[in-house]
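Visitor: I would like to go through this model and ask what each term rests on. Please set the values against the definitions.

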Amino acid sequence: MSSFDENEDVNSTFVDSMMVSNEEERQNPTAKKSFVDESTGKRKRKSKWWTHFSVDEEDPAFASCKYCQKLIDCKTKNGTTPLANHISRCKKYPPNLDKK
């Protein structure tokens, strides 16, 4: 068997394995993790900081702190940094109460 034949066998095995994985994806399209909320069609908020805030219903550009009800700017261009900064300074956040 020549080296060309060996390479051909390796390539065909690789192509066959790729085809199997594509077939599995077609048979079970929900196997991939979905970060889109099915009810709204928008991306889910995945950051750990969102557990401490709720999005303001009147203006979705702001989030309300669950501890002190202060409105924090949460536009997408700012990311979650303002939320994290607020939690580190929030006077009513339970872990911060022990610091006094």
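Visitor: What is Phe53 in contact with, leaving aside its neighbours within four places in sequence?

Guide: In this predicted model, Phe53 is in contact with Ala63, Ser64, Cys65, Lys66, Ile72, Leu83, His86 and Ile87. Contact means heavy atoms within 4.5 Å.

Visitor: Which rules apply to a predicted model of this kind?

Guide: Local features need pLDDT of at least 70 and side-chain atom pairs count only at pLDDT 80 or more, while totals for chains, interfaces and linings use all residues. Residues are numbered from 1 along each chain as its sequence is written, and side-chain values use heavy atoms, with hydrogens and water left out.

Visitor: Where in the chain is confidence lowest, and where is it highest?

Guide: pLDDT is the predictor's confidence in each residue, from 0 to 100. Helix 1 (residues 3-27) is lowest, with a mean of 53, and strand 2 is highest, at 94. The chain averages 76, and 64% of the residues score at least 70. Helices (H or I, at least four residues) and strands (E, at least two) are DSSP runs, numbered from the N terminus.

Visitor: Why is Asn96 called buried?

Guide: Because its relative accessible area is 9%, and buried means under 20%, against over 50% for exposed and in between for partly exposed (1.4 Å probe, protein chains only). Asn96 lies in helix 3 (residues 94-97).

Visitor: What lies 2.8 Å from a polar atom of the side chain of Asn96?

Guide: The backbone oxygen of Ile87 does. Leaving aside neighbours within four places in sequence, Asn96 is in contact with Ile87, Ser88, Arg89 and Cys90.

Visitor: What makes a set of residues a nonpolar core?

Guide: The members are buried Ala, Val, Leu, Ile, Met, Phe, Trp, Tyr and Cys residues joined through side-chain atoms within 4.5 Å. The largest such core here has ten residues, including Trp50, Phe53, Ile72 and Tyr93. Strand 2 (62-65) and helix 2 (81-89) each supply at least two residues of this core.

Visitor: What makes strand 1 and strand 3 the edge strands?

Guide: The open sheet of three strands has the order 1-2-3, with antiparallel pairing. Strand 1 (53-55) and strand 3 (71-73) each pair on one side only.

Conventions: A polar contact is a pair of N or O atoms within 3.5 Å; within protein, one must be able to donate a hydrogen and the other to accept it, and residues adjacent in sequence count only if both atoms are side-chain atoms. Two strands pair if DSSP finds at least two bridges between them.
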